[in-house]
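Please consider the following structure.

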Amino acid sequence: MEKIYPIDSVGIILTYKCSLGCKHCLYACGPKWKEFMRIETLNSILQSIKKLWKNYRPNPSKNILFHGIHFAGGEPFLNFPLLLSAVKMAKELGVYMGYVETNAEWCIDREDVYKKFSLLKDSGLPRIFISCSPFHAEKIPLKKTLLAIEVAQKVFGPENVIIYMAHFIKEIAKFNIENPVPLDRWENIYGKKGAGYIFWEGYGLIPGGRSGFLLGDLWYKYPPEVFREDTCRFEILESQHAHFDPYGNYIPYFCGGISLGSCENLEEFYNNFNLDKLPLIKILVERGPYGLMRFAEELGFVKSSEGYVGKCHLCVHVRKFLAQKTNKFLELSPQNFYNFLFSPYGD
Ligand code: SF4
Ligand code: SF4
């Protein structure tokens with residue numbers, strides 16, 4: 001029977017709710033989502049990780065982003081009491097904590113930012129991750145990102161502030177610091193090809209979630225046959241990286257919209273893991289998204305005549321079709337990932 005390697009790093013998504021609805025978002029986050037992780041779910045997940053990670057040491061050969069747990073969203077600062085409890089709980093349990101992510105949209109008042117960062121630091125958070133990209137800047141004025149960075153560097157120390165990605169600061173500043181910068185401004189200045197290069201290569205976009213659909217026209221697309229040999233064995237079974245969502249879904253790697261089951265009891269999850277009980281996942285592991293497409297074609301799926309930016313773009317297109325055709329595949333969770341994929345702000 002196929003085995004799945006246990007996680008050695010994980011992102012805990014406290015909510016899919018976000019102040020933004022970025023065009024590159026892997027998890028289809030946005031303002032339409034309502035729920036936050038329940039404290040009981042959070043507690044079970046952290047207890048379970050603690051049990052799994054006896055004598056945990058982060059793998060030094062892996063990037064710091066893949067060390068321990070990190071708390072993410074959506075935007076975790078939308079529910080600061082929950083975020084603070086999460087950090088305190090992880091600290092108390094002795095679960096190795098990497099960082100908390102923020103889009104900095106809420107960073108308006110210096111005192112408020114200082115207070116929140118200090119509370120997190122004093123509760124045991126070692127590091128903070130601040131997003132900075134053309135996609136975030138489409139809704140957030142750079143001045144908020146800069147305020148977050150400045151205060152974070154004071155509170156956590158400059159070496160403990162991850163700016164993702166720092167090289168975009170000066171690029172965005174060339175446009176505007178005071179106001180958001182719509183993505184078409186980049187196209188106007190650099191042309192479609194240049195903007196595509198800046199977004200896809202400069203950011204290293206993963207074509208999962210929204211990006212293939214909402215940014216794919218700026219990049220190269222290929223017919224599905226190009227991905228015929230690509231399986232997802234590494235991402236699903238071998239990567240040792242996952243995301244756990246507010247509903248307790250075990251999302252392999254960065255594969256938003258896929259659930260391998262409940263992550264609330266990891267011992268049970270790994271002991272009972274059986275690909276034969278996960279028909280769509282089995283196809284992805286053995287035959288990749290091209291195989292999934294062939295399966296879905298029997299149910300009426302029609303491939304895009306424009307092609308796909310990458311295998312994950314194809315995968316999300318096929319999964320969206322399946323999720324909206326039938327609710328019999330529990331692996332396609334949460335359902336709102338598919339409902340909110342293209343419309344983060346409104347219908
Ligand atoms: S990429 Fe981050 S900031 Fe943007 S919508 Fe997704 S969770 Fe929110
Ligand atoms: S193709 Fe699908 S399953 Fe494979 S890595 Fe991409 S999103 Fe995950």
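Q: How many salt bridges does the count come to?
A: This is a predicted model, in which local features need pLDDT of at least 70, side-chain atom pairs count only at pLDDT 80 or more, and totals for chains, interfaces and linings use all residues. Residues are numbered from 1 along each chain as its sequence is written, chains are lettered from A and ligands numbered from 1 in the order in which they are written, and side-chain values use heavy atoms, with hydrogens and water left out. A salt bridge is a side-chain nitrogen of Lys or Arg within 4 Å of a carboxyl oxygen of Asp or Glu. By this rule the count is 19.

Q: Which residue forms a salt bridge with Glu-267?
A: The closest N and O atoms of this pair are 3.6 Å apart. Glu-267 lies in helix 10 (residues 266–272) and its partner in helix 1 (residues 39–52), so the pair ties together parts that are 216 residues apart in sequence; helices are DSSP runs (H or I, at least four residues), numbered from the N terminus.

Q: What separates Asp-112 and Lys-116 along helix 3?
A: These two residues form a salt bridge, with the closest N and O atoms 3.0 Å apart. Asp-112 is partly exposed, at 25% relative accessibility. Because they stand 4 residues apart in helix 3 (residues 110–122), the separation is about one helical turn.

Q: Are helix 6 and helix 7 roughly parallel or roughly antiparallel?
A: The axes, lines fitted to C-alpha atoms over the stretch in contact (heavy atoms within 4.5 Å), come within 14 Å for helix 6 (residues 167–175) and helix 7 (residues 183–203) and cross at roughly 170°. Angles run from 0 to 180 degrees between N-to-C directions, and those under 35 degrees count as roughly parallel, those over 145 as roughly antiparallel. The two helices are therefore roughly antiparallel.

Q: Which helix gives the most to the shell around ligand 2?
A: The residues around ligand 2 (a heavy atom within 4 Å) include Cys-232, Cys-255, Cys-312 and Cys-315. Helix 11 (279–297) and helix 12 (311–325) each supply at least two residues of this shell. The most, 4 residues, comes from helix 12.

Definitions and conventions: Buried means under 20% relative accessible area, exposed over 50%, partly exposed in between (1.4 Å probe, protein chains only). Angles under 35 degrees count as roughly parallel, over 145 as roughly antiparallel, 65 to 115 as roughly perpendicular and the rest as oblique.
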